[in-house]
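Welcome to this short tour! Open your viewer, get ready to select pieces one by one, and follow along.

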Amino acid sequence: MSTPSHDRSSQDVGNIVMLEHVNVTVPDIETAALFYVHALGFTRDPYIDLGPDLMWINLGEQQFHLPAGEPQVIRGTVEIVVPSLAATQARLEAMAPRLADTRFEVRSASTSLEVVGPWGNRIRCFEAAVGERMQLGMRRVEFSVPRGSTAGIGRFYDRVMGAPVATADNVCTVRAGPHQALCFTETDEPIADYDGHHIAIYVSDFSNPYAGLIDRNLIIEDTQECEYRFQWIVDPDSGEPLFEIEHEVRSLTHPLCGRNLVNRNPDQQLATYTPSFDVFSPRKPGSLI
Ligand SMILES: [Fe+2]
């Protein structure tokens, strides 16, 4: 028998095929648009009329969902990839005066921009590498979790959700498709009470995680054929509740799966308009994921 040339398991995607959106309620849609559209350069979903009290924001193949309501804050950081960090920084700084009465902040780090949104959500922007598949999108969401919880969190995603997990140095990284991850980092800092924000994932095996969640009495919403929700991550060995983050779990047969999310090129300006450069394509035409 020949010796394996590579660790082929490093390319296994597992059951979570994509992290699709992060949902946080916002008290003011107009201020949210200043931040997500004008400052960050993302695109308001042009196709579905969601009414004046809900905004969907496209960034590559992912979205932020922003319903009107009391502000919700993710207990961690959303990491995103942008085509140009310099262009993003310029847009953020140009909008800073308009966001001066909010919690908005932007700070330049060595390889990233550390951004705080108008109501305290933290976003870390990285510049896409040359040739990187994700040139614009949501690369991962990092959650701060209680000390001692990551081993159990890893067991949950491995055994209940069927996702590859790497746990090291009190950090649990859960693979979410080819290019994304959920990351859980232990902290000694106080963790805010959970306020009901959620993430949405697509899974290939829809029924077995459901059975495991039903067995543990973890399903909190069960009304649609192609979607269910759970909120508590528990240790499958002990049943101990470890961390709350609502997961909207969608099947690959969900009507919204694979939607073509229109992304504009935010560098198009009236004064420097370039014909045929209106659209930004975050992926090759025809690719599935
Ligand atoms: Fe959602």
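Which residues of helix α2 (residues 85–95) are buried? Before selecting them, note that this is a predicted model: local features need pLDDT of at least 70, side-chain atom pairs count only at pLDDT 80 or more, and totals for chains, interfaces and linings use all residues. Residues are numbered from 1 along each chain as its sequence is written.

Now select Thr-88, Arg-91 and Leu-92, the buried residues of α2. They cover an arc of only 100° around the axis, so they sit on the same side of α2. (The arc is that of the directions from the helix axis to the C-beta atoms.) "Buried" means that 20 or more other C-beta atoms lie within 10 Å of a residue's own, "exposed" that 12 or fewer do, and "partly exposed" is in between, with C-beta atoms placed from the backbone.

Next, pick Ala-86, Glu-93 and Ala-94: these exposed residues lie on the face of α2 turned away from its buried side.

Move on to the sheet. Eight strands form an open sheet in the order β2-β3-β4-β1-β13-β16-β15-β14, with mixed pairing. At its edges stand β2 (43–44) and β14 (219–224), each with a single partner strand, so one side of each has no neighbour in the sheet. Strands pair if DSSP finds at least two bridges between them. Helices (H or I, at least four residues) and strands (E, at least two) are DSSP runs, numbered from the N terminus.

Zoom in on β1 (residues 16–23) and β4 (residues 62–67), which run parallel and are joined by three bridges. Here Asn-23 stands opposite His-65 in β4.
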